[in-house]
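I wanted to look up who pairs with whom, and where.

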Amino acid sequence: MTPRQQLFGDHDDWLAHTLANADKSTQAASTRLADGCTVELLDTGLLELHPDQQSRHNDLPRLIVSAGVHGNETAPIEVLNALVSELLDGQWSLACPALLILGNPPAMARGERFIDFNLNRLFAGAHQKRPYHDTPEAARASQLERLCRQFAAASEALVHYDLHTAIRPSEREKFALYPFVPERQVPPEQCAFLLEAEVDTLLLQHKTGTTFSSFSSVDLGAESFTIELGKVQPFGHNDLSRFQGIHRALRRLLRGEPAPEPAADRQLTEFEVVHEIINSGNQFRFHVPDDVANFTRYPPGTVIWEDDRNQYQVGESPEAIVFPNRDVPVGQRVGLMVRARPDAD
Ligand SMILES: O=C(O)CCC(=O)N[C@@H](CCC(=O)O)C(=O)O
Ligand SMILES: [Zn+2]
């Protein structure tokens, strides 16, 4: 039997297995590759990989890579699946422990962002609260938190990349969000990784949240990023040539190869969040049109939202909108207002 057959039975690959078992748990299975690497299927959409001791590069961080936390964001899922197939087919050897996650299989199978609740708002313990608790997405958030905690090893560095695609087009196609942790700064090697992955915009969050990457940063001490890689498309409709940067950069990291020299003409442009727009419910009115692209700029004084008590106007310098989405429940994020950092373009 091939490693793929040992793990996924009759299914061609990890993605096919995950979609076929989307609504149920799967029995654990494992295989050992010719180079000694062990691959364990922990449950539907969850793989843990460990290199053979000989091939392990001890100075490398443990790596968590997740995709499909939103089920309709398919391109990163296809990239992760392709990396797993390459590894199982013996095309390269793994050098660091890795936990690979397809976040929300039931939503993936239905081509939806989520089923009951947005999984990416249920981390950092939010899954225990009403009305989320006792739903399948709350159970998945709890399972992912537990597995990530187990995978993290106290004395070893941990890195987490949570891969997404955005609902809207974007004036900056690829961008990363860096969760807020007081006093920390983005390490240079993480900036270099983002540029290697062709992600040249970085957005610094201004407070902690209940996203997957905020959980892994705050609770596990990981260097984590939510990475937006393009626009949402159904399975089979992605132009995967636009995702080669992240594909190559992750493969290089998993293989433990040294990072390439950063290209002299590439630089990260940094933005900071200046305001989080929340649906207040109090006759909340959002004045950004539905079809506006991420990073569209608004001049000082523009009224962005108002309700029966408050309003938000752009401050003294222009601000841009990211993730505008009026269709969210009361209390949830409608969008982010962001501003280029002083030393940026
Ligand atoms: O395009 C959109 O409106 C949403 C894209 C998306 O899923 N983004 C993440 C960002 C998470 C973060 O703030 O780190 C999300 O909304 O969950
Ligand atoms: Zn997403």
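My entries on the salt bridges follow.

Ground rules: this is a predicted model, where local features need pLDDT of at least 70, side-chain atom pairs count only at pLDDT 80 or more, and totals for chains, interfaces and linings use all residues. Residues are numbered from 1 along each chain as its sequence is written, chains are lettered from A and ligands numbered from 1 in the order in which they are written, and side-chain values use heavy atoms, with hydrogens and water left out.

Entry 1. I searched the whole structure and got 22 salt bridges (a side-chain nitrogen of Lys or Arg within 4 Å of a carboxyl oxygen of Asp or Glu).

Entry 2. I looked up Asp52 and found a salt bridge to Arg32, with the closest N and O atoms 3.7 Å apart. Asp52 sits in the loop between β3 and β4, Arg32 in strand β1, 20 residues apart (strands are DSSP runs of E, at least two residues; helices are runs of H or I, at least four; both are numbered from the N terminus). Asp52 is buried at 19% relative accessible area, while Arg32 is exposed at 56% (buried is under 20%, exposed over 50%, partly exposed in between, with a 1.4 Å probe and protein chains only).

Entry 3. Next I checked Glu156, which meets Arg62 at 2.9 Å, N to O. Glu156 is in the loop between α5 and β6 and Arg62 in strand β4, so this pair ties together parts 94 residues apart in sequence. Arg62 is buried at 11%; Glu156 is partly exposed at 28%.

Entry 4. Last, I noted a network of salt bridges linking Glu270, Glu272, Arg339 and Arg341.
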